[in-house]
Amino acid sequence: MFSFAVSPHRSLIVVAAVIAAVLLAAPALCQNTTAGASAPAAAPQLRVFDSSLIDKTVDPCENFYRFSCNGWFQRNPLPPDQAVYGRFTELAELNRLRLKQILESAARTAGPPTQSVNEQKIGDEYASCMDTATVNKLGLAPLQPELDRIAALKTSVDLPALLAHLHSIGVHAFFDMGSNQDFADSTSVISFYGAGGLGLPERDYYTRTDAKSVEQRQQYVAHVKTIFILAGEPQAQATQDAETVLAIETRLAKASLTITEQRDPQNLNHPTDVLRFSKELTHFSLADYVAAAHAPAVGKANDMEPKFFAEFNALVADTPIAQIRTYLRWHLLHAFAGTSLPESFDQENWNFYSHVLNGAEKQQERWKRCTRRVDQELGEALGQVYAARYFPPEEKQRTLDMTLAIEQAMDKDLDSLDWMSAATKIKAKEKLHAVMNKIGYPDKWRDYSSLSIVRGDALGNQMRAHQFEFARDLAKIGKPVDKGEWLMTPPTVNAYYDPQMNNVNFPAGYLQAPFFSGLEDDAANYGDMGSTIGHELTHGFDDEGRQFDKEGNLSNWWTKEDEQKFNERAECMVKQYDAIEAVPGVHLNGKLTLGENLADLGGLWLAWLAWQEKAQAAHVDMNATMDGYTPDQRFWIAYAQQWCTQTRPEQLRTQAQTNPHAPDEYRTNTVLQDLPEFAKSFSCKKTAAMVNPKPCRVW
Ligand SMILES: [Zn+2]
């Protein structure tokens with residue numbers, strides 16, 4: 001599954017093994033302070049608008065983020081097992097405790113007689129993951145057949161079949177292959193071939209020349225070497241092999257697009273067909289690869305990065321086969337060096353990816369990682385139980401009502417845009433009216449009956465779960481598009497817009513306090529969840545989403561003039577965020593974060609408009625205060641309080657370099673500086689820090 005075009009609302013934090021680089025939507029927000037506690041499933045006192053978090057010694061017109069969040073910072077020091085800890089983590093941790101309760105009950109050997117087949121599976125998988133004694137005792141034995149396969153590779157002629165097998169079990173070597181909607185025809189699912197094969201977070205980690213980046217590469221080589229030694233290699237060989245891995249990955253990285261270039265879908269759209277593509281890969285038999293992968297041997301395909309595949313082809317031709325074996329061995333060990341291999345691997349994997357790259361001081365407890373693992377592998381089996389227990393139908397209806405109100409606000413706002421022509425407005429409205437709203441969980445649950453989960457076989461289960469997903473994904477090719485499919489699981493504290501589906505998706509796990517609550521008023525709920533709904537909708541019209549039409553086809557519906565005006569306005573935001581220095585020497589990347597920044601500003605504006613309508617219709621007394629704040633002020637405070645987040649400097653650096661979302665401080669202050677309505681609510685002077693004298697505005 002290629003979900004590159006999807007923009008999750010929250011950044012994804014790599015806390016354990018690196019998730020498939022292309023799976024932007026893989027949920028990975030987790031952690032907490034109540035570690036090890038038995039699961040109290042009752043909600044703590046989380047509030048959408050919380051006056052007790054406000055620091056009155058800070059002038060809201062000088063630093064609204066500090067004003068709104070200082071109390072939360074004081075109460076929530078960064079736990080040692082976290083690289084980042086915020087409101088999203090706070091709720092994700094509560095959900096995690098609930099999932100733990102579900103999983104522990106399902107894992108009991110004599111489960112309740114009413115236990116379903118799915119509950120049996122999630123229970124067995126959780127128990128297998130938690131069983132460190134067995135995992136340690138088995139050592140590398142369960143992986144030996146795979147190591148043997150790689151050792152048996154004698155010529156590059158046999159590489160395609162081996163690589164297909166490795167891809168199916170979740171080893172991300174060289175490239176990624178999967179299914180996706182055709183960019184030109186969103187009703188059709190075709191095969192996609194994408195760049196991949198890196199062990200560092202993204203390609204620029206291999207090319208940057210500053211001292212910190214050079215050091216990180218050395219630390220990476222040391223990590224690869226340690227993993228080889230743990231796998232039984234002598235010191236000298238491990239040293240040499242780690243250098244081989246870096247050399248091959250550097251070559252792949254240099255031929256790959258940057259993450260900023262990847263944001264433009266045009267750069268990733270190179271339609272071909274399998275036969276034509278196979279003629280270009282003169283040293284790699286695509287026919288053998290697709291036969292072994294059970295992927296289509298003919299038909300339309302997308303060679304997402306032709307330059308990358310040309311380099312891959314050359315690399316296969318001129319790299320000694322022993323070096324290719326080394327590279328594959330590394331990626332095999334890397335793919336399983338989490339909860340499926342002995343603790344020495346697990347610990348080393350954590351040390352590099354969580355500690356070195358992101359600054360975490362302590363590894364998360366095993367139950368948290370096992371809970372996340374089951375969520376990733378059997379997310380809809382686990383999510384079905386979760387949603388039934390924690391997401392009542394009333395919540396679904398309330399979210400839907402708010403989504404419709406925000407969509408209405410956008411409809412009206414489009415009329416009032418002074419820079420867009422009537423012709424483009426008609427198209428924009430058509431697209432808006434075609435947006436499908438998906439709330440909570442899927443209407444039709446995934447069928448896991450063909451996935452075999454064996455208690456006590458953690459590594460085998462991980463492989464089979466990948467094989468299941470690989471086959472499920474490829475089976476979509478040539479079939480009608482399933483618009484009901486979700487890219488996030490129900491307990492996820494996140495949301496996304498899918499431009500090829502033209503739908504917004506709000507998982508049940510997110511639709512709760514501190515983001516949304518039936519116990520609080522509209523001012524708070526619109527400022528918080530309303531702004532998120534607006535954010536996701538605006539993604540349909542950001543620099544990336546605007547290139548897709550109402551059906552999800554990559555086709556231009558803008559007049560030339562309007563396109564130019566959009567770009568001029570967007571440029572204001574590119575410059576605004578380029579100017580922000582997140583950590584000394586590292587600025588934000590205005591182009592990389594443009595889509596998210598547009599969505600933040602546009603989304604909050606839509607939520608504000610919808611809230612004003614709602615307040616008027618409900619005759620809200622706009623001067624009446626609660627805890628000393630007017631309804632409008634509470635709207636802005638609730639917006640800011642969703643972003644209270646503590647972040648380690650290492651994590652902040654990684655985020656600034658790799659993440660399409662700006663750090664949370666700027667998602668608050670920089671966005672609000674562009675909205676004069678905010679300044680008005682707090683009577684800020686024109687010269688105040690929270691007022692941008694030349695505000696940027698697109699939507
Ligand atoms: Zn977003």
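Strand E7 (residues 436-440) and strand E9 run parallel and are joined by five bridges. Strands here are DSSP runs of at least two residues and helices are H or I runs of at least four, both numbered from the N terminus. Two strands count as paired if DSSP finds at least two bridges between them.

Some housekeeping. This is a predicted model, where local features need pLDDT of at least 70, side-chain atom pairs count only at pLDDT 80 or more, and totals for chains, interfaces and linings use all residues. Residues are numbered from 1 along each chain as its sequence is written, and side-chain values use heavy atoms, with hydrogens and water left out.

Back to E9. Met436 has Asn503 in E9 as its bridge partner. Strand E8 (residues 496-498) is joined to E9 by three bridges, and this pair runs antiparallel. Within it, Tyr497 is opposite Val504. E8 and E9 make a hairpin with four residues between them, and Asn502 in the turn has a positive phi of about 50 degrees.

How many residues of E9 (residues 503-507) are buried? Five of its five, where buried means under 20% relative accessible area with a 1.4 Å probe and protein chains only. In a regular strand, side chains alternate between the two faces of the sheet. In E9, Asn503, Asn505 and Pro507 point one way, Val504 and Phe506 point the other way, and all are buried.

Last, a residue in a helix. Ser68 sits in helix H1 (residues 64-75). Ser68 is buried because its relative accessible area is 0%. Beyond its neighbours within four places in sequence, Ser68 contacts Leu53, Ile54, Ile637, Ala640, Gln641 and Cys644, contact meaning heavy atoms within 4.5 Å.

Terms used:
Buried < 20%, exposed > 50% of the residue type's maximum accessible area, 1.4 Å probe, protein only.
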